[in-house]
Amino acid sequence: MIGAAAVVVLAGLKAAQSLAIPFLLSLFLAIICAPIVSWLARWKIPTVLAVVIVVVALLAVFSGFGAVVGGSVNDFAAFASQYQARFDGLLQSASGWFEAHDIDPESLDILQAVQPGRLMNLLGGFLKNLAAVLSNLFLIILTMIFMLLEAASFPTKLKAAVGVGRFDVENLRTIVTQIQRYLGIKTVTSLTTGVLVGVWTAAIGLEFSVVWGLLAFLLNYVPSIGSIVAAIPAVLLALVQGGGGFAILVAIGYVVVNVSIGNLAEPYLMGRTLGLSTLVVFLSLVFWGWLWGYIGMLLSVPLTMIIKILLENTDDLQWVAVMLDTKRGAAQRLAAAEAAES
C-alpha cells in the first residue's frame, strides 16, 4: 500500500509540474524573506507594510537582474549553434600539428566524441526553461505575499487544528529556523560565487561572463557536482577562444572560487547538521530531474535538504537524516554521542 501510494503521489507531482514549481519557488522566497519581515516588524512596522517593502525590494532586484542578464542569455543562445564549428576547426588545427610532428592523429578520436555544441544547446535549453518559469513571476510573487502574511498566524492555527497538547511550537520554530538558515546561507554563498566567477571571467576577457556568473550562482545550489558542471562549458569556450593556456587560467579561477567558498566558507557557516553526502546529492539530482526536468535539478538539493531537516527533528526517522549526512557530519555526531556518554 505504501509503495502504491508513493507511485500515485509521484505521478501527481509530475502531472502538476506547472503548478508545483511556481509554488515551491514562492515557498523558498517566502522562507528567505520571512526573517526580513520579522526584523521590520520588531521596529514597529505593520506586517502588511513590511511585506510591501520586502516585495518592492525583491521586484527591484529581479528587474535589475533581468535587465543585466536577459541580453547576455539571448546572445548566448544565438551563439550556441556556432560553438561546435569553432571546436571542429580547433580539432583540425590540432590534427595538422600532430601530423607535422609524426604523431598519430587518431589520438584525437576521444576528443571527436566531445560535442560542445550539444553541451551549449543543453545549457541554452536550461536557461530558456528557467526564463519560462520566471515568466510566472506575478503568480510567484503573489503567492509569496500571501505566505508572508499568513506566516505569523500559522502556528496558532496549527495548534488550534491539532490540539494544544499534541503540538510542539518550539519544534516547528526549530525546523523553520534551520530551513531559513540553510536557504539564507546557500543563497548568499551562491550569489558570492556567481559574482566572483562573473568578475573573474570578465577581467580575463572570456566571452559571456554574465552567463557564467549566472550559471555559477544557480548551480552552486547543487554542492560538489554543480560547480564542476558550471565550469565545463566556460573552460571549453576558453579553449576555443584563447587556447589551452587561457582555458587553464579560467579553470584555475573556478577552482580557487569554489574551493574558497564551497569547501571552506560554506561548511564553516552551515555547521554539522546542514550537509548531504555526495551520493545523496547525485541521486537527488537524478530523481528531481526526472520528476521536474531542468528546474527539478536546480531545486533538487534544497528540497532534499528540507526533507533532511524535517527528518532530523523527528525521533523515529532521525536515523534516515543521519544516513543522508556527510562523513564529516556523521563523525561529529558520533564524537558528540561518545562525549555525552563519558
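The questions and answers below take up backbone angles, a helix pair and a salt bridge.

Guide: This is a predicted model, where local features need pLDDT of at least 70, side-chain atom pairs count only at pLDDT 80 or more, and totals for chains, interfaces and linings use all residues. Residues are numbered from 1 along each chain as its sequence is written, and side-chain values use heavy atoms, with hydrogens and water left out.

Visitor: Where is Lys44, and is this residue buried or exposed?
Guide: Lys44 lies in the loop between α2 (17-42) and α3 (47-100); helices are DSSP runs (H or I, at least four residues), numbered from the N terminus. Its phi is near 65 degrees, a positive value in a residue other than glycine. Most residues other than glycine have a negative phi. With a relative accessible area of 75%, Lys44 is exposed (buried is under 20%, exposed over 50%, partly exposed in between, with a 1.4 Å probe and protein chains only).

Visitor: Is Phe208 buried or exposed?
Guide: Phe208 sits in the loop between α8 (169-204) and α9 (209-219). Phi is positive here too, near 60 degrees. At 18% relative accessibility, Phe208 is buried.

Visitor: How are α2 and α6 oriented to each other?
Guide: The axes of α2 and α6 (residues 137-151) come within 8 Å and cross at roughly 45 degrees. Axes are lines fitted to C-alpha atoms over the stretch in contact, and angles run from 0 to 180 degrees between N-to-C directions. Under 35 degrees is roughly parallel, over 145 roughly antiparallel, 65 to 115 roughly perpendicular and the rest oblique. The two helices, α2 and α6, are therefore oblique.

Visitor: How many residues in the contact of α2 with α6 are charged?
Guide: Contact means heavy atoms within 4.5 Å. Residues of α2, including Phe23, Leu27 and Val37, meet residues of α6, among them Ile140, Met144 and Leu148. The contact has 14 nonpolar residues (Ala, Val, Leu, Ile, Met, Phe, Trp, Tyr, Cys and Pro), two polar (the others, Gly among them) and, of the charged kind (Asp, Glu, Lys and Arg), none.

Visitor: Which side chains meet in a salt bridge?
Guide: The rule asks for a side-chain nitrogen of Lys or Arg within 4 Å of a carboxyl oxygen of Asp or Glu. The count comes to one salt bridge. At 3.9 Å, N to O, the pair is Glu312 and Lys308.
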